[in-house]
Amino acid sequence: MLLELRHVTKDFPGVRALDGVSLDLNQGEVLALCGENGAGKSTLIKVLAGYWPHGSYGGEIAIEGKGVRFRNLRDAEEHGIALIAQELALVPGLSIAENLLLGREPVGRGGLVDWERSFAEARRGLALVGLDVDPKRPVRELGVGQQQMVEIARALLKDARILILDEPTAALTEADTARLLSLLRDLRSRGVSSIYISHRLDEVFSLADRITVLRDGRSVGTGATSEMSRERVIALMVGREVKDLYPRPDTTPGKVALRVEDWCVEDPVNPGRFVVKNVSFEVREGEVLGVAGLLGAGRTALVSSLFGASLSPVRGRLALGDGPLRGPFTTPAEAIAAGCALVSEDRKRYGLVLEADLRENLTLATLARYVKRLLLLDHPAREKASDELSAALRIRSPGLKTQAGQLSGGNQQKVVLGKWLLTNPRVLFLDEPTRGIDVGARAEVYELIAGLARKGLAVVLVSSDLPEVLGLAHRVLVLSLGNRTGLLDWNEATPERVMEAATAATKAEARA
Amino acid sequence: MKIPWRALTMVLALLVIWVAFAALTDGTFMTPRNLSLLARQMAVTSILAVAMVLVIVAGQIDLSVGALAGLAGAVAAVTFTNKGWPLGAAFLAALALGMLLGAIQGALVAYVRIPPFIVTLGGMLIFQGTLLGVTGGVSTSPPRVFLFVGQSYLPRGLGWALAVIVGTALLLQAARSDTAGRVRSVLLAGLAFAFTGVLNAYEGIPLPVLLVLVLAAALWLLAAHTPAGRHLYAIGGNREAAFYSGIAIERRVVQVFTLMGLFSAIAGIVLTARVGSATSDAGRMMELDAIAAAVIGGTSLLGGQGTVWGALLGALVMASLDNGMSLLNTEAFWQPILKGAILVVAVGADIATRRR
């Protein structure tokens, strides 16, 4: 046995994050760690990697049968444990070689860095992960996938025997993901073990030898991958069977809520080219319109331009409800005033003020409504609205004074949704609303979306998760390189037909 | 071949300023006498700016350097002139004081986690007050021997000897490097000879100017070629990454503030020696000149980016504006206005070009 954890317990003020977790890892094995956000995965790996020093947690860690006590990250590294954190720990302005050897630069004459040796060592590290780039280049010039490889190379240069990867594919493209998985398999065959944390069960099942599931700080099940099924893992994660993950609202769409005609959006990088080309569609009250397409199909450009948030020129006409056809909104403020709301792709960047508390965040878009006499804000009214909303959306937090940044991804998303619901929108644009959210919270977000549609809201749902689109939407608009290549009713929208439409323009372009 | 567009743009901007002033002053600006004056005028700001680069690169800021320079310069002058300390002891006392005060400020930033803006703003006020107390409001004029640091010149022969040594070293290096490195080394060697030629045509290389070059070279080595220097870039570029790489962030922060204190003290001694007296408002506002020089020279206030040579170029731009406007007899109020405008325009242009 390479690594053993026995009854590890870790308390934070008021919370027990880990409650007697035991697990073990063999040499040359990939162990997947699954669990919802808040299940204790991050805490567990921080204990393992020495981030939480010995003495701050209960229980024992042993490597090859010998008990170890890490005081810091460096101690853990010396025992061959390397953490590849979720946020890449690289310095963009420094060269690849400098990043690979950061903190242990080879020093030559007069205390100066020995560059010859640095570059040689860096090339050796890059070869270990099969990356063919010049180590003198700054890291910022690399893609996310390559940066990840650099991180792994750095760990291998420190003679890591155990790699801990925390959501390594969250920001990777499919090709980069495939490359990473094959590298990890290759390393496994060379005797390097990995602990792999991912929300993406496909990856877990294709890579891991064994799976351990955590829930509420406890290990609730471990088994060989061959003996586990997706359903079993999900059931262990959420503690119940998730039957109807996708509750398609059983509403009959009413009047047209939004009509879009000949919508064009210019490419912000290449003026003269278009990322959305003459797209027309309409959404009705109580309807969920799914928008599907591959990366670069123009889905995000479409909804953000409809919301008046496009950075590049937009052409076309739109009408809300019975209103007249008009040109595009030029600012989000106009769109909000007309009854639109957008839950954007990146909630941390565009959706939330992470340092502000829940009340601030929930009432941010509707502050004008809470202004009393003397231009002061009516805090009790904001408090009340936030309270009601927080209960209605089942936002789990210690209280309204909690900072948004401290909530889990699912609860953050509910806060963003709540903020927009307070504006009483008629049309709600959702861009990747469940990205980075675990299965349990996801089900709640779906339930919310369905509930909103039942109340007569028109919902435009953009998502890369095809089952999500097919499960929730009444109709699916398919984009391909900015063209509308399909508009399917839910009962005719199969994954095959959607994918066919999504690749239609790519194929046409390839032929041309 | 990678062309350093940034550096070229800066040099070009400097040439435009020089040509404009040369034309407006009928050539007076470009005379060896004036260029020598210009070089001496920029010395104090340059010493502060080259160290400020490292502070800013590490994601910090130091507003106290002007006041600290004034204080350290006064301590050297007062201990030497009024207390009769040996010159070496007086200088060492000033340098030690600078390092100590820098280290204290660094410790407050690193360990007590008070934002550097606040710590050094407090430091600035405290040092200004102390300076007033030390000088008693009257200026102290040290005797001639003190002033050599700021007012003497290198004998011409020695100047040429240095130019030959530096030039040869550069050309030897050129032989071993790629095309880009070769072009750069040959240009720099040419620059070394031109520099020596121009200054020798007046009185010789001024000692404070030589000091600036030596200090800048030392800091460049530190910044670009030692682990400590690279760690400062890592800390400013991505603090998390630096932490996860096992870099002792707190210790490095204390070190960079100590270094800044040392350089402030050196700048203070040079300032006192150049002006010929220690006054109660010496060094005032110089922190802003130093920060402006670093920023015009390409240092990012967000940390992680900046070079020592860029700061030197930035200081030269600022000093050229001061000097040229003085020659033109522009009313004094225009100088800060134009410098402020240049600062904003330079950084604005940099951001605009970097965005595309």
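The radius of gyration used here is taken over C-alpha atoms, and the globule rule is 2.2 Å times the number of residues to the power 0.38.

This is a predicted model, in which local features need pLDDT of at least 70, side-chain atom pairs count only at pLDDT 80 or more, and totals for chains, interfaces and linings use all residues. Residues are numbered from 1 along each chain as its sequence is written, while chains are lettered from A and ligands numbered from 1 in the order in which they are written.

**View 1. Chain A as a whole.** Let us start with the overall form. A compact globule of 512 residues would have a radius of gyration near 24 Å, and the 25 Å of chain A agrees with this. Its C-alpha trace spans about 75 × 60 × 55 Å along the principal axes. Chain A holds 18 helices and 19 strands (DSSP runs numbered from the N terminus: helices are H or I with at least four residues, strands E with at least two).

**View 2. The two domains of chain A.** Domain 1 covers 3–238, and domain 2 covers 256–339 + 425–511; such bounds come from an automatic or database domain assignment. Their C-alpha centres lie 37 Å apart. Here 7 residues of domain 1 of chain A are in contact with 4 residues of domain 2 of chain A (contact: C-beta atoms, placed from the backbone, within 7 Å).

**View 3. Where chain B meets chain A.** On this interface, 17 residues of chain B are in contact with 18 residues of chain A. Helices H10 (207–225), H11 (227–237) and H12 (239–244) of chain B each give two or more residues to the side that touches chain A. H11(B) provides the largest share, 5 residues.

Conventions:
Contact = placed C-beta atoms within 7 Å.
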